[in-house]
Amino acid sequence: MRDRDRYFFERAVRLAYMGMGKTSPNPSVGCVIVKDGEIVGEGYHIYAHEDHAEVVALKMAGNRAKGSIMYVTLEPCFHHGRTPPCVDRIIETGIKRVVVGMMDPNPLVSGKSIEKLRKNGITVDVLGSHKRLESLNEDFFKFIVKKIPFVAIKVALTLDGKLATTSGNSKWITGDKARKYTHFLRYRYNSILVGVNTILKDNPLLTCRYKKKKGVPFYRFVIDPHLKIPASARIFSEGGEEQPIVIFTGGDVEHGEISKKCKIISIPQDGGRLDLYAILKEIAGLGVSSVLVEGGSFTISEFIKYGFVDKIHIFFAPKLLGDGISFYNAKKDILKMEDALKLKFICSKNFGEDVLLNYYFNHRRGG
């Protein structure tokens, strides 16, 4: 990539990140239009159901788009969805060259837009693998290919790996800065999931403090096989229609008064436990492309055990408990170190005295 191309493309990448957490189930995309070395139009996909990044940039450029170069982080859409295909709009405006960051894995698009642009005399350069863009849209890539959500885990631990005391107390392991970042993660992943024991022990709200566009829901999911959640739980006291609650329970459970406070979905049982794959398919059916699993130990362990976790965010606080509740119970003894579950390190970040470590799961079913 030439230096000039790199400069404008990096601008498009920064724009794409401005849409992070807002576009689900669509990808986050940035676009820059350049003519005679000057940016004449730019934009990013802000919300689903609204103009894509290319259209935003083209509207800004107006007549100056003719004969220009477009830098776009993801292959323009090819099919009619909630909006007309961007590829046709690009052709109509007379753009002479398009620099594409990555091909779209969506089978309805993949390679088709690039082919159509070239057939209409437009030069197309595809940059290929781009780690920042892969990370930005990792939830979309899994959702569009596998038809189930991207699953991330968030857990706060002491240095000796405990998420709570032996009595179940976990408030608070980490400091204010780490806890504030948790709300950004909820915003990033568009939904949160816990087991009912987290509700019974901690009685959390599970809300997201970061505001989304009105009408764009932040889902709160609870796995509750026997519908033990009380009608008085705090989760029902805040959030409203913009932060709906969905409870997954067994098929033979009476719903009672709880059904007036939330949506209840019956899930097939597998050996007395709810089928996690069926739960993920139901979540995908709601148009949710990613979910943040926050607890508790049993729920986290089940998602790991059955290979549904793609990524984990682990906060470590400078505290030691000795005895306490571990976040992962493999349910079997691992006698050899080579049999341990292996993770792929991504990055780390400090939040005051706490440290956040990010890892991918090597066994993950996504991507």
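User: Quick one on S18: which residue there is the bridge partner of Cys347?
Analyst: In this predicted model, Cys347 has Asn358 as its bridge partner in S18.

User: And how do S17 and S18 pair, parallel or antiparallel?
Analyst: Antiparallel, with 8 bridges between S17 and strand S18 (residues 354–361).

User: OK, zooming out. What's the strand order in the sheet?
Analyst: The sheet is open, has 9 strands and mixed pairing, and the order reads S11-S10-S9-S8-S14-S6-S15-S18-S17.

User: Which strands are at the edges?
Analyst: Strand S11 (263–267) and strand S17 (343–351), each of which pairs on one side only. From one strand to the next, the twist averages 25°.

User: Switching to cores. Which residues touch the most other members in the largest nonpolar one?
Analyst: Ile33, Met70, Tyr71, Ile90, Ile95 and Val98, out of 40 residues in that core. Helix H1 (residues 3–17) gives the largest share, 6 residues.

User: What does Tyr71 touch, leaving out residues up to four places away in sequence?
Analyst: Among its contacts are Asp5, Phe8, Phe9 and Ala12, plus Cys31, Val32 and Arg97.

User: Which residues turn up in the second core?
Analyst: That separate core has 35 residues, including Ile300, Phe308, Phe327 and Tyr359.

Definitions and conventions:
Residues are numbered from 1 along each chain as its sequence is written. This is a predicted model: local features need pLDDT of at least 70, side-chain atom pairs count only at pLDDT 80 or more; totals for chains, interfaces and linings use all residues. Side-chain values use heavy atoms; hydrogens and water are left out. A nonpolar core is a set of buried Ala, Val, Leu, Ile, Met, Phe, Trp, Tyr and Cys residues joined through side-chain atoms within 4.5 Å. Buried means under 20% relative accessible area, exposed over 50%, partly exposed in between (1.4 Å probe, protein chains only). Helices (H or I, at least four residues) and strands (E, at least two) are DSSP runs, numbered from the N terminus. Contact means heavy atoms within 4.5 Å. Two strands pair if DSSP finds at least two bridges between them. Axes are lines fitted to C-alpha atoms, for helices over the stretch in contact, and angles run from 0 to 180 degrees between N-to-C directions.
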